[in-house]
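Trainee: I'd like to learn how to read a protein model one feature at a time. Please take me through this one.

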Amino acid sequence: MPSTDVTTLIRTELPRLAGSLRKVGELILEDPAAVTHCSAAELGRRTGTSQATVTRFCRAIGLDSYQHLLIELAQERGRGESSEWGSAEIGPDISPDDSLERVVQVVGTADLRAIQQTIDRIDLDSVERAAQAVARARRVDVYGVGGSGAVAQETETRLFRIGCAVRGWTEVHAATTSAALLTPADVAIGISHSGATRETIEPFELARERGATTIALTADPRSPLARAADVRLISSSSETSFRTGSIGARHSVLMLIDCLYVRVGQLSYQRASASLALTDHIAGAHAVKSRRAR
């Protein structure tokens, strides 16, 4: 399995699991440390299932065995204990009575962990394929709604600055209209934390039908969006109280976007450099000049 926390993997897979398999996953997430001291049979009893169900759960999330799960849980705990942030003692829950210092520690630890997990599991070949496609594309569409819509707009801002013909679409009718006009010379990027957002999948699948190269950014490598993609870039989530789903994943997704953006700049160096040179003065020219005190 990729070098990422097994609890993150379980959270990703949990929505696809039903019945007894979901019960096993939920209990593990409740107290991962306690599970490391359980046998498969005991975990089955605690969840009201069976040892065979626990084994099926492990295979359902991509692990070879229950022993493999225990090893991953122990390694995750060890990584937390060795962190200079002390993340083993800092969980994701924030109560109304917590101090601001604890809030900063929890949020900071979660974001750093999500970014590191994304770096650990990043597929360099996929990033390269995505960057090559974007660098040579006649046109780039970026689809996303809700929280992912903000990331789509940020992707547009970055790529537009280095000379790409790019547009971020956050409304499904406009996005689908644009997708219908794409060709094999174009690229479509779909952004969805769950990978199951219909308003993003609809234009994304149409773009693929039109022959465009499709790139998915999602936390779920087996989601409908990922299955419809030629290239998949997988992010990790940094969920805490008040920050779930796409909000918790925002930093790791933007890290992937930054890697893609910089690589596209490298691959289209002359165009990117010329575009930056022509636009560098604009922000400064619109800055309000401060008055010196007399």
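Trainee: Does Thr 176 count as buried or exposed?

Mentor: The general idea is a cut-off on relative accessible area: buried is under 20%, exposed is over 50%, and partly exposed lies in between, using a 1.4 Å probe and protein chains only. Thr 176 has 16% relative accessibility, so Thr 176 counts as buried. Before we go on, remember that this is a predicted model, in which local features need pLDDT of at least 70 and side-chain atom pairs count only at pLDDT 80 or more, while totals for chains, interfaces and linings use all residues. Residues are numbered from 1 along each chain as its sequence is written, and side-chain values use heavy atoms, with hydrogens and water left out.

Trainee: In which helix is Thr 176, and what does its side chain reach?

Mentor: Helices are DSSP runs of H or I with at least four residues, strands are runs of E with at least two, and both are numbered from the N terminus. Thr 176 belongs to helix α10, residues 172-180. For polar contacts, look for a pair of N or O atoms within 3.5 Å; within protein, one must be able to donate a hydrogen and the other to accept it, and residues adjacent in sequence count only if both atoms are side-chain atoms. Here the Thr 176 side chain reaches the backbone oxygen of Val 172 at 2.7 Å.

Trainee: At what angle do α10 and α11 pack?

Mentor: Under 35 degrees counts as roughly parallel, over 145 as roughly antiparallel, 65 to 115 as roughly perpendicular, and the rest as oblique. Helix α10 packs against α11 (residues 198-209) at about 10°, with the axes 8 Å apart. The two helices are therefore roughly parallel. From α10, the contact uses Val 172, Ala 175, Thr 176, Ala 179 and Ala 180, and from α11 it uses Glu 199, Glu 202, Pro 203, Leu 206 and Ala 207.

Trainee: Now the strands. In what order do they form the sheet?

Mentor: Two strands pair if DSSP finds at least two bridges between them. Five strands make an open sheet here, ordered β2-β1-β3-β4-β5, with parallel pairing. At the edges are β2 (166-169) and β5 (231-234), each pairing on one side only. On average, neighbouring strands are turned by 15° against each other, direction ignored. Five bridges join β3 (residues 187-191) to β4, including the one between Val 187 and Thr 213.

Trainee: How are the two faces of β1 covered?

Mentor: In a regular strand, side chains alternate between the two faces of the sheet. In β1, Val 140 and Val 142 are on one side, Asp 141 and Tyr 143 are on the other, and all are buried. Helix α8 (residues 124-136) lies across β1 (140-143), β3, β4 and β5, at about 120° to β5.

Trainee: Which loop holds Ser 223?

Mentor: The one between β4 and α12 (224-227). Ser 223 has 2% relative accessibility and so counts as buried. Its side chain reaches the backbone oxygen of Asp 220 at 2.9 Å. Not counting residues up to four places away, Ser 223 touches Arg 16, Ser 194, Gly 195 and Thr 218.

Trainee: How many helices and strands does the protein have?

Mentor: It has 14 helices and five strands, and 44% of its 294 residues are buried.

Terms used: Axes are lines fitted to C-alpha atoms, for helices over the stretch in contact, and angles run from 0 to 180 degrees between N-to-C directions. Contact means heavy atoms within 4.5 Å.
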